[in-house]
Each structure stands twice: as structure tokens, then as C-alpha cells.
Amino acid sequence: MIASIVIGIVIFGYAGWAFIRHVKKSKEGKCSSCREETSNTSSCCSGKNN
Amino acid sequence: MEIALLGNPNTGKTSLFNNLTSSYEYVGNWSGVTVEKKVGLLKNKRDKLIDLPGIYTLSPLSKDEAVVSQFLLEDHVDKLLNILDASQLHRNLHLTIQILEYGKPVDICLNMVDVAKQRGILIDIEKLSSLLGVKVTPVIARSGKGCEQLSATLSVSKDKYFNRNLVDYGKEIKEAIEKIQGFLHENNSLSTKWLTLQLLEGNQYVKTYLKGYMEEEVLNNLMDDIEVKIKQSYKVKSVSQYIYRKRQEFIDHLLNNSVTRTHQSNIPLTDKIDRIVTKRILGIPIFLFMMYIMFMLTFDWLGTPLSDLLDSLISGPVTIGFERLLSFFGVSVFIRDLIVDGIIAGVGGVLVFIPQMFILFFFIALLEDSGYMARVALVMDRIMDKVGLNGKAFIPMIIGFGCNVPGIMAARTIETPKERLLTTLLTPLMSCSARLPIYALFVGAFFIKNKAIVVLSLYVLGIVLSLVLARVFSKTILKGETSLFVIELPPYRLPQGQALWKSTWEKGKGFLRKASTFIFAGSVLIWLLSYTGPGGLNVEMDKSFLSVIGGVIAPILAPLGFGSWQAASSLLTGFLAKEAIISTMNIIYFVPDEATLQGLLVSQYTPLAAYSFMVFILLYIPCLATTATIYKERGSKKWTIFSIIYSLTLAYIISFLVYQGGRMFGLA
């Protein structure tokens with residue numbers, strides 16, 4: 001029973017953290033598989049040049 | 001100390017950056033790999049190296065080029081490292097002169113000395129160094145030869161030689177420098193000569209900077225005055241042409257004194273290959289053939305057998321091992337189901353496609369490193385031109401085959417705002433690597449004999465639709481000027497094993513990272529939604545929350561051939577990351593391995609419905625990261641929402657046409 005509770009907490013805790021992190025990073029324009037990220041430089045340029 | 005790395009496009013800046021620092025950045029054999037500045041720590045762990053986008057001149061045309069001007073005007077830098085392609089000195093030195101005029105200590109790194117030697121170009125390094133007045137170090141950045149010596153040179157804070165008056169621009173320019181000097185006060189730390197020359201060459205960023213010191217009218221009058229004087233005295237069309245000519249004279253003098261040509265080489269191999277691959281009729285068929293070979297390797301010859309092996313490993317020993325371990329700990333049925341039916345099924349279902357992903361990444365690396373990428377852009381230019389874009393826009397699209405996020409970022413290299421926006425909107429139609437496992441699953445179930453052709457048809461469909469839409473958008477909502485297409489064709493080179501492996505591994509590693517983080521989390525969530533329902537815990541799958549959510553959308557998808565709640569709910573998860581579609585299916589269909597899932601799919605879909613489903617996945621929506629990138633790059637909510645709506649509409653229409661049209665022709 002204790003093992004079930006511990007494993008459950010670890011899995012749901014990690015999954016919750018990974019899920020929120022993925023959504024947060026994606027919203028920042030970062031793809032979790034290719035490490036690419038739109039930097040602040042670009043967002044400031046886009047405003048000026050468009 | 002902060003050192004900025006500057007050079008022409010495709011001179012090996014990123015290779016050098018990777019060699020001098022401990023970081024790994026994306027390398028490719030075409031112009032425009034670096035679209036923003038990247039900072040790395042030199043191996044001495046003290047100094048920073050800043051990699052900047054490649055430019056021919058400091059006066060910017062496109063957004064990535066503007067990064068350099070902005071950096072030089074606004075950021076602090078202690079030293080500049082200028083990288084030159086030894087086989088293209090004549091052209092590269094124009095930028096060198098501008099960098100030397102900037103007034104900060106400069107080191108020069110002469111790259112590709114091996115290529116120059118092969119072409120019969122012998123460079124007297126000592127002589128070149130003394131004529132330029134800076135330290136010149138020869139290197140071969142791809143193999144790392146000479147990089148240690150360069151590192152040692154860089155660490156010396158000031159260069160010994162200091163000769164900044166290399167080019168005599170004449171008395172008119174001298175007077176202009178003095179006039180501008182009168183307006184600048186001590187807050188300005190930049191070289192007046194550099195500012196004046198950049199202003200006269202038309203650098204808008206420098207003009208904006210100078211407006212902080214003097215009235216715009218005064219500035220314009222000064223520029224007009226010089227223009228008139230120079231045109232009268234030297235019979236040139238513009239001041240920038242005059243400055244270019246003066247620099248050219250100096251470069252000719254420099255090269256006459258430091259470079260000797262031992263022999264005139266025969267037609268280089270590069271030109272011989274280009275005569276075939278860039279031919280009007282052969283260009284596109286060759287490109288399609290290369291893609292066909294890539295998919296044959298991915299799905300038939302190599303990828304699928306390896307994938308099957310991995311599948312039997314995960315569904316066999318791995319699952320059994322976990323089950324034994326769980327029963328040893330005596331865990332509850334709930335936890336057992338969560339791990340076996342949720343995590344192992346969801347994450348394992350995606351992991352089995354690792355071999356296919358690695359083969360695709362290897363081919364993309366090969367395409368990038370060999371120099372073929374630039375040729376594809378050239379070949380496509382003829383078609384792109386007819387639809388309101390030019391060949392340059394095809395480069396972001398090819399990068400999009402790997403991942404749409406860097407593809408959209410690469411659109412910064414495109415000069416006009418209209419073309420840039422158009423490329424940003426259309427790049428998500430390129431089938432990214434995350435969509436590949438879904439195709440692999442479906443072609444393995446429905447199109448066993450024609451796997452490569454079916455997947456190729458999806459990639460081609462993405463390209464064709466992007467061309468059609470480019471035409472439609474540029475004639476309707478996005479009218480505007482079209483830029484001229486100029487592309488530098490880099491020489492072909494035999495990709496080095498290490499570089500290919502590094503690039504493949506970096507991309508593959510990202511896929512593994514995603515599987516262990518988001519796919520893991522997504523699998524837990526999906527399993528939970530399938531395990532619970534309005535009736536409580538451990539409900540029948542058909543009565544779960546997942547089926548309730550999917551059931552709402554399913555009727556809308558029915559005319560497309562896949563109106564089940566299972567298809568609908570997997571498509572919903574695909575917005576977060578396309579790979580999640582596979583995890584969802586594995587969990588929903590509750591199967592132990594890929595082969596069983598494929599067997600089950602055959603009973604749920606017809607081949608026509610399966611193709612329609614793949615078409616829908618290709619087009620239906622950019623993933624969350626891509627959507628956010630579109631917003632960040634364009635800074636417009638309107639265009640971001642537009643990109644989602646148009647792709648959903650397009651996916652629906654095309655899938656409808658495929659399914660209903662196919663049925664009309666008697667397909668099933």
C-alpha cells in the first residue's frame with residue numbers, strides 16, 4: 001500500500017510538473033524536442049521591422 | 001572579455017563557434033543558418049563568444065542582418081573576431097574593412113585554407129596580417145585544426161598592430177567625419193569614422209542612432225551635401241557606390257601583395273554536379289528522388305525492421321520486467337494499470353519510432369551539411385517566383401521538415417515583410433518530424449507495399465498546398481513587393497561523419513527528451529481521462545471522460561472518414577505535441593505493441609479513411625510551440641489566429657475532398 005502511494009505521488013507529481021513545464025515552454029515559443037527558442041531579440045526586432 | 005564573431009554567410013562561423021566554445025549550435029552548409037545572436041563561453045571559461053548572423057555588409061537588408069547592426073550600436077563588445085573564407089577573400093574583405101573601421105580590437109580567422117589551397121590559392125599569412133594591421137590565424141573550422149592557436153590569440157586582450165586608416169576615402173568623406181564629430185559628445189563611444197561611413201552607405205540603424213545627437217534635417221542636409229560633391233567629383237551614381245569602389249581598390253592592392261594563384265583549376269566538381277542537379281527539367285525530379293530514397297530507408301529498408309525489434313523489446317521484456325517488479329512491490333491494480341496501460345503504452349508507443357526518426361534526422365543533416373539545400377532553393381525559385389515568393393523562402397520550409405519552430409525563425413532571413421509573413425504562415429504545412437511516427441504507424445497498417453510513396457505523397461502535398469496558398473494569399477490579403485532572389489551556392493563538401501552524427505544525435509536527443517517529459521505527462525493525463533468517467537473510476541473506455549470529449553467533435557469529422565471519438569480525442573492531444581496522437585491511440589486502443597495496434601486500426605479505418613486522417617494530421621493545426629513562435633516572430637495576434645483558422649479549414653477541405661472524392665472513384 002505504501003509503495004502504491006509513493007509511486008502514485010511520484011508519477012502524478014512528475015507528470016504534473018512536466019505537463020505544466022511543456023505548456024509554459026511551448027507558449028514561450030520553445031520546442032521541447034529541438035531546443036529552438038525564439039529569443040527576446042527577435043520579438044523586439046519583429047516590432048520594429050514589420 | 002566579450003568577443004563578437006562576424007563574417008559573411010556560410011564561412012563556417014557556427015562550426016568555429018562550436019569548436020571554440022563547449023556548446024553545440026546548429027550547423028549547415030547554406031547561407032542564413034544563424035538568425036540571431038548566440039552566446040557561448042570560450043574554453044578558458046573566462047571570455048564569452050557571441051555568434052552573430054552572417055552578413056555581406058553591415059548595412060542590413062533583412063531582419064537577421066539587422067541583428068548585427070543593432071548589436072554593434074547597442075551592446076558592449078571588447079573584441080571582434082572576423083572569420084573569412086580563404087577561397088573567397090575578394091568578396092569577404094569588404095566586411096573586414098567595415099569591421100576594422102568600427103575601431104575595436106580585431107582578430108582575423110582565415111577559415112577553409114584547405115579549400116583555398118585545393119583551388120590553387122596560396123595566401124601569405126604574414127603579409128596579409130601586416131597589410132591589414134591585425135593578427136591573422138589560419139584554421140580549418142570543420143576539423144578544428146588551428147583552433148587552439150586561435151583561442152590563444154583571442155585571449156590576448158589587445159592586438160599588437162593597430163592600423164585603422166586602410167582605405168583613403170578622400171577629402172569629402174574626411175570633412176563629413178569632422179562635421180559629425182562636432183555633434184557627438186562624450187556619451188558616444190563609437191568610432192565617428194565608422195558611424196559616418198555606415199550612414200553614407202545607407203545603414204538606417206546608424207542613422208537612427210545619430211538622430212539622438214543631431215536634428216534629422218541637419219543630418220539629411222549633410223548627407224545630401226556629400227552626395228552632390230561625390231557625384232560631381234568622382235562620376236559615380238551614389239556615395240555607397242563610391243565607398244564600395246574605394247574599398248575594392250584597397251582589396252585589389254591587398255590581394256595582389258599577399259595572394260598568389262599557383263594554377264587555374266579545372267571546372268570544379270561542384271560546378272559539374274550543379275550542371276545536373278540545378279537543371280531546369282531535372283532539378284525537381286532529382287529532389288523528389290532523393291526524398292523517395294530517404295523514405296525508402298526510413299520505412300522499408302532500415303527503419304521498420306529496427307523499429308519492429310524495438311517494439312518487441314518494449315512489449316516483451318520491458319513490460320514483463322515492469323509487471324514483475326510491480327507485483328514484487330505489491331502495488332495496487334490502479335498503479336499497475338497506470339504504469340503498464342498508461343505510461344508504457346503511451347511512451348513506449350512513441351519510442352518504437354526512434355529508428356525512423358534517427359534516419360530522417362540523419363538525412364536532414366546530410367542535406368544541410370553537403371550544400372544541397374541551397375540548390376533545392378535555387379531549383380524551387382522558378383516555381384516560387386510564380387506564386388509571389390522566391391527560392392529563399394524554401395529554405396525555412398525545408399528546415400520545417402525537421403521542426404516547424406526553427407523553420408519559422410529562419411524566415412527572418414527573408415527581406416520583404418510580405419514574403420516573411422507569407423513564409424511564416426506556410427511553413428507549418430511542411431511535415432515536421434513529429435508527424436513522422438503517425439505516418440509510420442498508419443502506412444505500416446494500410447499501405448505495406450507502398451510505404452515510401454504514400455509518405456512522400458504527404459510531404460509533396462504539403463509543399464504543393466503551400467505553393468497554391470502562397471499564390472492565393474499574395475493575390476488577395478498579402479499584396480506587396482517581391483524581393484530579388486540572390487543565393488550563394490556553397491561548394492559541395494563530403495559531410496564529415498562526426499558532424500553528421502552530432503547533428504543527428506542533437507535532434508534525436510530532443511525527441512528522447514520530449515518522450516521522457518511531455519509524452520510521459522501526456523500519457524498519464526490521457527490514461528487518467530480514459531480510466532475515469534462520469535460514472536466514477538475504472539469505467540468502460542466508451543464511457544470515459546476521453547470518449548465524452550472526443551464524442552463532441554467526432555460527428556464533425558464523420559464526413560472525412562474518421563468520425564470516431566478515438567480519432568477526435570487523439571487529434572485534440574496533437575495540438576500540444578503531434579507525437580501525443582500516437583500515445584493517445586496506444587492508450588485508447590489498449591494494445592501491448594505496435595503490430596496489434598496496426599491490426600486494430602485496420603478494423604477501425606478503411607485505407608482511404610486512413611489516408612484522409614494522415615492528410616488531416618499533416619495540415620490541421622500548428623502545434624502549440626509553433627503557434628507561439630508565429631506569435632513571437634510576427635508580434636500579431638491577428639496573424640496567429642489566422643494561421644490556426646486557415647490550417648483547420650484547409651485540413652477539413654482537403655481531407656473531405658480526399659475521402660469523398662476517393663469514394664466517388666470507388667476507393668475504400
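Q: How do you know that the sulfur of Cys109(B) is too far from the closest cysteine sulfur for a bond?
A: A disulfide is defined as a pair of cysteine sulfur atoms within 2.5 Å. The closest cysteine sulfur to that of Cys109(B) belongs to Cys147(B) and lies 6.8 Å away, so it is too far for a bond. The structure is a predicted model, in which local features require pLDDT of at least 70 and side-chain atom pairs count only at pLDDT 80 or more, while totals for chains, interfaces and linings use all residues. Residues are numbered from 1 along each chain as its sequence is written, chains are lettered from A and ligands numbered from 1 in the order in which they are written, and side-chain values use heavy atoms, leaving out hydrogens and water.

Q: What makes the sulfur of Cys623(B) too far from the closest cysteine sulfur for a bond?
A: The closest cysteine sulfur is in Cys31(A), at 6.2 Å, and is therefore too far for a bond.

Q: Why is Cys109(B) counted as buried?
A: Buried means under 20% relative accessible area, exposed means over 50%, and partly exposed lies in between (1.4 Å probe, protein chains only). Cys109(B) has 0% relative accessibility and therefore counts as buried. Cys623(B), with a relative accessible area of 15%, is buried as well.

Q: Which residues touch the most other members of the largest nonpolar core?
A: A nonpolar core is a set of buried Ala, Val, Leu, Ile, Met, Phe, Trp, Tyr and Cys residues joined through side-chain atoms within 4.5 Å. The largest has 132 residues, and Phe295(B), Leu426(B), Phe442(B) and Tyr605(B) touch the most other members. Helix H22 (residues 451-475) of chain B contributes its largest share, 12 residues; helices are DSSP runs (H or I) of at least four residues, and strands (E) of at least two, numbered from the N terminus. Another core, of 65 residues, lies apart from it and includes Ala86(B) and Tyr205(B).

Q: Why is H28(B) called largely enclosed by the rest of the structure?
A: Of the 13 residues of H28(B), 12 are buried, so this helix is largely enclosed. Among the buried residues are Leu608(B), Phe613(B) and Leu619(B). Their cover includes H22, helix H21 (436-446) and helix H30 (637-664) of chain B. From first C-alpha to last, helix H28 (residues 607-619) reaches 19 Å, close to the expected 18 Å, the expected span being 1.5 Å times one less than the number of residues.

Q: What makes the pair of Phe287(B) and Phe394(B) edge-to-face?
A: Rings of Phe, Tyr and Trp (its six-membered ring) pair if their centres lie within 6.5 Å; planes under 30 degrees apart count as stacked, over 60 as edge-to-face and the rest as tilted. The centres of these two rings are 6.2 Å apart and the planes stand at 80°, so the pair is edge-to-face. It links distant parts of the chain, with Phe287(B) in helix H13 (residues 283-301) and Phe394(B) in helix H18 (residues 394-402), 107 residues apart. Both Phe287(B) and Phe394(B) are buried.

Q: Why is the pair of Tyr605(B) and Phe613(B) called tilted?
A: The ring centres lie 5.5 Å apart and the planes meet at 50°, so the pair is tilted. Tyr605(B) is buried at a relative accessible area of 5%, and Phe613(B) is buried at 0%. Tyr605(B) and Phe613(B) belong to one aromatic cluster that also includes Phe442(B) and Tyr620(B).

Definitions and conventions. Contact means heavy atoms within 4.5 Å.
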